[in-house]
Structure formats: structure tokens, C-alpha cells
Amino acid sequence: MSSVATSEGAAVGGVPDAPVVMPRGRRRTEALMLVFSVGIVAFAYANVGFGLKGAPPAGMAGYMIAFTVLLVIAHLVVRWLAPWSDPLLLPLAATLNGLGIVMTYRLQEVGRDGNPGAMSVPLSTSATLIQIVYTAIGIGCFVAVLVLVREPRVLQRYTYLFGLIGLVLLALPALLPSSISEVPGTGAKIQISLGGFTVQPEEFAKLALAVAFAGYLVAKRDVLSLAGRRLVGIDLPRARDLGPVLIVWAVSLLLLVFESDIGTSAVFMGLFVCMLYIATQRTSWLLIGFALFVVGAYTASKLFSHVGERFDIWLHPFSGLNPSHNAFQLVQGLYGLGAGGILGKGLGAGQPYLTPLVQSDLVTTAFGEELGMTGLMAILLLYGLIVQRGLATSIAVKDPFSKVLVGGLSFMLALQVFVIVGGVTRLIPLTGITTPFLSQGGSSLVGSWMLIALLMRISDTARRPPPQPIQDEGMTQVVNLS
Amino acid sequence: MNRALRRVSIAVLFMFVLLLANVNYLQAFEADSLASKPGNSRAFDAQYQYQRGEIETADGTVLARSKYVGGTYKYQRQYPQGAEYAPVTGYDSLYGASGIESGENSYLVGNSSKLAVRNVIDMITGKPKKGATVQLTIDSKAQTAAWNALKSSGKAGAVVALNPQTGAILAMSSYPSYDPNQLAVLSGDQLNTNDKNLLHDPSQPLLNRAISATYPPGSTFKIVTSSTLFAQGKENQNSLVSAPTSLKLPQSSVSLINNDGEVCGNLGNGKATIITAFTESCNTAFANIGMQVGSAALKSMAERYGMNATSPTLNQELSTQVAKSNFPLEPAQSFTAMSAIGQKDDTVTPLQEAMFAATIANNGTLMRPYLVQQVQAADLSDVYTASPQAQSTPVSANVAGEIKQMMLSVVSSPDGTAHQFANAIPGVQIAGKTGTAQNGINNSGLNDAVFTCFASSGNRSMAVGVIIQGGGYGAAAAAPIAVDVLKSYLENG
């Protein structure tokens, strides 16, 4: 690992004689940015009320106070437990989370109280409250991660335990009967639904597996970096080292087949291949991983109709019966985006309810419709900034495990946004995965907050100044040892 | 590892650039094409999200307006005048529109390119979008007079009144009509039911008889026949023509007679002046004139009066095809004779009837009929103002003067077919021509009553065409309606 010259790194590896520039925690910046994000969310919330009724929404004060209190708690915990962490991550996540709550409220009000429209699956009257409770749980888990993981390297000790937890969580829905694990109407077996309470274990499996991958790869990276044969200028890995890649590939394919969950399968494969690449710096691993995924997905699309259908919808959404049948959801989402245009209809003034299940996978189209291209681009840039802060942390941090982990997590977030936003905007085939922070629902939100906690924990390590050597210790004292 | 991380960062940057570019493409460039895709109910509902412009008459009577009702469709269309104006306004329903509602839709919705700059300003200043107001040329008093007269006659028919100097349509009424409010309902099921009822109604209330139905013109066509003859420059209203009581048509077993076998004029030699033949509407005289000038000349003149053609301005304003008034070239002399008195294959719209009189009233120049006077944006600035255009000049002012004399005589002469209206409007001289058109196979149907006329008072003048299906005599069934319309307009001048 070479030493890195980032703004933080300059202080760390500075010339000993130069005046030491103390890196700053920038917690005040964070506090200020949090005020800003509460402002944006409050404005958006009021906007929904004005868009629907011409008056601020009922119960707005209560929700906003709860939201603010949660952020104050998160901020105080960060001051206490991760004072050197990146100051932008918390406000960025808070803004997205807040906008998600606002959209949940907006969709909850559809068809109620004289508001226009009807949702394909109506939200309960307490959906906003529940979303705030999930936010509280999310921030609770955020705090828990910061409390339990004081030092990221600790996680490395439990590499295999996390791997096991991750696999169990992933496999669980596939093994459970459909009545418990199937998302109604989609055929995707990705959740555990008991007594009205639903958890999507994959949201947590992702984090567990990321930790496991990082631990494994850092331990084995010397072996995995060994070159085997050379083929057209690329060093291929040794055949015997292909094992782990093949295992992850097999798991992702199983996900694809048994849980009908192409999006998650792509995200897992992408996460692993990316971490493998970061750990080994071998381009060949990237190519092998990518080729394996493409071959797997192509074969699956030929063998399983539900996978093939996704491609057909992607390529020909407007032809034949597609617009009103298979592609209805995608097409309605696209119509929503088109209707939003450049400046959007305004929160509460669009018709996002025409898109089936707009509250979950297609929530981006609701934002695109009501906030327009401008708002949607701003939201994408919020994600982009989180990912950028994560990758910057990854470059800054010295410990290889943390490097691989935070690099992988950042890439996973980017990939997730790419898969779902790219899916609903028809850049790539639409596969149902949640939009981090924005989709209605708890597991994804809690998982996303845990991810932010890990990024902040590692950025705290990366930006923390080394213990200052005592410069001025006076004259060397002669100690008489007689 | 940092080298790999930097590459990953570049890949991530690339992914986000792709997403941003695609969002730009969809929402900025593709938005219009998405809006026009089939089944895009958002684009459809969007029309009901803000206030559609009003339609009003020249004198400010509101014919159509949008009322806030809330719900998915925030505004509902209302037609305060109901059936009376349905042939003009048409309807704006969930499934489609007709009439002015359809033809002037881009103004009423506010999407016309002429409104684009104002829309951008409104968007920036946050003013709610509102469509432009379309002001018609219709005079509400004339329209109401036409409607009431048609309604009290109880027979299917239509009235069109024109301003001869401009071509502005002052009244356009068709009976039976329908209440467009029935089609402005915001429930799809209710709309389907109402629409079905109207479509299956045997009285055809959706048919705009003023422009979409054609009838034989009968003797009113003698205006065209006279025009053809006078245009040749050799004869005038005082020239003598052969007007026997019975005329055996060449190569035919049919003999043509005058109405009720009357003798034409009082010269007693089987001849009559053209003005007499016109005043008394002698068929044999005009059959002879027709055979004299020939079918080609009649057709050419008929076409200069607007027959055999549709009306482009009205087609666009009403989003429909105005029916062509028909005058084909007749191969046989006997047919030419019949066509010269408005029988055989001749058919006209009530609009065409008004155009006959309007041409004469305007000294031989036919003005292009139009219905939209002005379009006013929501900020009250004008975006469109009609400019009258000449369509053709069928006859010289001289010939028009001759024919005017004859038409005046129809009403003023004691022998005139419409003599009973000589003093119908105090101080106003009406010039007119009656028509009683035989109808159906072997003329078994009831006669259609036709009347075309014009009059002026002060600086107001008006030409009216009336056709009453199965009305009988033109003077009895059609002329009283036309006179009512003239009266309403000229007396209120």
C-alpha cells in the first residue's frame, strides 16, 4: 500500500518538522448541514400539504420534531463515538431518509380526505408514522453499530461467522413456504412475513456478506493475486483459486432462480467482484466475474420465463400487449417521469399513484414526476456524494480490511442505486430492489443506516489524527543508574 | 489497492453519469413522445388539471366554461346554453371532442405555440395555467331566434346566418340538437351510456345539419341559374324567356310543370320576363334557361358560389369536414333542365343556402365563412383575430344588382312567392328566394322547405339560409324562421 496524499493524509504523513496541521473533526459542519437537511425535508413536507390541500399538512409539526430529535441523537452519538468521521455522510443520509418519509406521507394521502387518485396497494393511514418508527430503529441500529464496532478491524475476527450469518439470511426466504416469504403479487421470495411484521433479510445479509468478503479477501489476497497463465495480455488467476468466485456466483444464481431476485443477485455478484478487484488489483478477476454473471443471467433468461420476460419488457415496453400487461409498471413509471418533465409537477400535484407499487421499487419515478428532472438529479447526486465520501474514505484509510470493506460497501450502494434507478428509467432491465432510504419499508432503511454507520466508523479511523508525539520534552535528562 | 479503488471510483462516476444522462434524456427530450404514447392516462388527465378556456359569443354570452369540482379531474366542462349552441361548441368529453371544442383545442387547453411564451412566464411566476378564451362570431340574439324558431317548428332543420360583408357566421342552429353537458360528465360509464343514447337516437341529435347534411336546394338554385345567364352579358331581368305552363323535356317522357300547373306571368303568350319567372318561381322558364346555358356553365357558376367544395376555414375551426354541396355535370339536357331548378342531383347544406344570399348581398363577392372572431389569452391579450377573406367573386356587382332586384321582388311583389313577409320587419326590405324541393324516390318524400334571404338595416346586414326537412312549402315552413332571425339581428342593431 502506497501512502496517499489526500487532505487528511497530508497531516498524517506530514514532514515532522513542519507545523502540524491538526485535522478537524468538522462536527460543527455536520450540525449545520443537518439543520439544512431538516430544512429541506420540512419544506418538502409542507409542499405536499400545499400541493394537495393548499395548507400545511396536519401533524407536520409532530413528525418534523420526531425526525429532528432522531437526528440530534445521531449527531450527539457521532460527536461522542466517531468525532473524526466524515461530516457529510449523516446529513446526506438524513436528507434522503427525510424525503422518503415525505413521499410516504404523500402516497399515504392518495385517495384519502378528498385527494385525487387511488393506489394499487393503498398505504395504511399510519404509514408515515411507521416510516418514522423505522427511521428511529434505523438510527438506533446506526448508534448500535457505532457503539459495538469501536474499531473496524474487530470485525475481521468474525469473518466466517458473518459469512455464515449472511448465507443463512439469504437462504432463509427460499427455504420458507411462499405464504411467508413471497412478496404478494410479484413471485419474488425475499421476505419473512410473520404476524403482520415483515423483514427482508437480504438487506442485512448484504452487510454481513460484505464484512465476510472483506475479511476473506484480505486474508487470501496474496494467494488470489498470484498469476497463472497469461492470455491476451491479462494475467489469469490460478484455476485452483477460482473456488470462492464460483461459490459466490453459484449463490447469486440460486438467488436468481429460487427467489426470482435478479437485482439482488446482480448486487451480490457486483459487490464480491469489486471487493476481489480492490483486494487483488487483478483486472482478470473483474472480467471473470463479469463474464460469469452475464453467462449466468443469459442462461437463466433462456431457462426461466420470469427472467426472460424482464429482458423483453426492457427491450420492447411499448410493443404489442406489453404496455398494458407485463410492462405496465415500467411504462407507467416512464409516463410519470415524462409527465414530470424538467421542473416536475410539484409534490402532491402529480399522479404517481397511477404506477403500481410506486411506494417501493418505483419510488424514484414518483420523485421524478413531482420534483422533475431537476429534483431527481439532485437526489442522484445525494447518493453520488455518499458513494464519493465512502470511496474517499476507502482511499484514505490505511488498514487493508477497512479499505476493502468500505470500498465494497460504497460500490454496493452505487450499484444498488444504478440497478434500481437505471431499471426504472429503462437504462437496464428493471429488477425489483429497494431504493436505499427512499423506498417505503423498514429493512432497507435500517440496513442503509447500518451501512452509513460502517462508513462513518471507518472514516473516523481514517481521519483520526495519530497520537501526537510529545515534541517538547525538554532537555534529555541524565538518569543516574548507579 | 488504491489504484484499483481509483478505477472503481471512475466506474462509479461513469454509472452516475449514465443515470443522470438517462434521466435528462427521458424527462427533457422524451417527455413529449411519452405524453403521446397510447394509454398514457397522465397526459390525458393533465387536460383536466387546470381551467380550460371559455367559449363565448361575439356579444359575450358564455357558451362553455370549466368549473372546479376537485378529484382526479379537477375541472368539469359546463355548457350553460345547452343544446342551442351544441352545433357550434360541440362537446369536450373524456373520450373525445367535437366542434369548436375540438378545432380550437390547442387554444382552449393553452398549449398553442402562440401561447408558449406566456406559459413559460406563468410557470416561472407560479400562476396557475388557464386556457385561452375563444370568442365566436355568433350573435346570441340571432342564434336564440333561430333555435326557438326551429324548435317551435318541431321539424328537423337548420339555419345559418352570415354577415355578407365579412363571412362571419352570426347564427348556426340545427334541430334536433343535444345537450353537450351530457357528454361532459366525468364518469366514464355515465358518458358511455349518454353517448350510446345519443348515437342511437333516431332523430340524430348529434348531426349538425347546418354543415354536415345536404338537401335539394329546389328553386333557390334559380339564383345560380340566373347568375349563369346574366354573367353571359346578353340578358337581364327584363329579358323574355319561354315559360310554358308545361315543358316536355327533350329525350324524355317527363313534362315539367310550374307549381300547381300555374301559368307564368300575365303576358299570355307563353313568355315571361325573367324577373317575373323568378318572382313567381316558374320552373319551365328556368329549365329553359338551364338548357340554354348548358350544364358545364351551371356547374362552373355553382362552384364559384362554393358548391362541390368544402370550407377549409370552418373545417379547421370545427374540426370536421363541412359537407360538399353537390352539383355534378349532367349528361342529358333533360337532367340539365332539372338541375337548373335545383332538383335532380343538386344538394346543398343550409350553409350553402346562406352563401347564395350573402354573395348577392355583398355585390357578387362571396366571403369565406368563419366562426372564430378572436382568441384571448388568460392575461387578456389577443393571440388571434379573424381577418375576413374573399373566397370568390361569382358575379359582377352589376349582375348581383339584377339578382338583388329579383330577390326583393320575391318578397315585395304581390305575386311573389314570399309576399307575406313584405312588411314583416318594419322599415326593412327583405330580398329572398323560396325553394320547395321534391324529395325521395319518385318524389314520394315530403318536400323540403328552403329559404335564402338577406336584408340590411343601418350598418347591419345579414344573409340567412334555412332548410326544413319535410317542411313543405319554403315560404310557409322555412321563410318565417329566416325572417325571425333577420328580425332579431336587424332590430337590435
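1. The largest nonpolar core has 149 residues, a core being a set of buried Ala, Val, Leu, Ile, Met, Phe, Trp, Tyr and Cys residues joined through side-chain atoms within 4.5 Å. Buried means under 20% relative accessible area (1.4 Å probe, protein chains only). Phe142(A), Met275(A), Leu405(A), Leu409(A), Trp449(A) and Ile452(A) have the most contacts inside this core. Helix H15 of chain A (residues 400-424) gives the most to it, with 16 residues; helices are DSSP runs of H or I, at least four residues, numbered from the N terminus.

2. This is a predicted model, in which local features need pLDDT of at least 70, side-chain atom pairs count only at pLDDT 80 or more, and totals for chains, interfaces and linings use all residues. Residues are numbered from 1 along each chain, chains are lettered from A, and side-chain values use heavy atoms, without hydrogens or water.

3. Leaving out residues up to four places away in sequence, Phe142(A) touches Ala74(A), Val78(A), Leu90(A), Trp449(A), Ile452(A), Ala453(A) and Met456(A) (contact: heavy atoms within 4.5 Å). A second, separate core of 133 residues includes Val88(B), Ala337(B), Val450(B) and Ile468(B).

4. Between the chains, 55 residues of chain A contact 33 residues of chain B. The buried area is about 3,900 Å², with 69% from carbon and sulfur atoms; this is the accessible area (1.4 Å probe) that the two parts lose on being put together, summed over both.

5. The interface count is 1 salt bridge, that is, a side-chain nitrogen of Lys or Arg within 4 Å of a carboxyl oxygen of Asp or Glu. Arg42(B) pairs with Glu369(A) in a salt bridge, the closest N and O atoms being 3.0 Å apart.

How values were computed: Buried < 20%, exposed > 50% of the residue type's maximum accessible area, 1.4 Å probe, protein only. Helix = DSSP H or I, 4+ residues; strand = E, 2+ residues; numbered from the N terminus.
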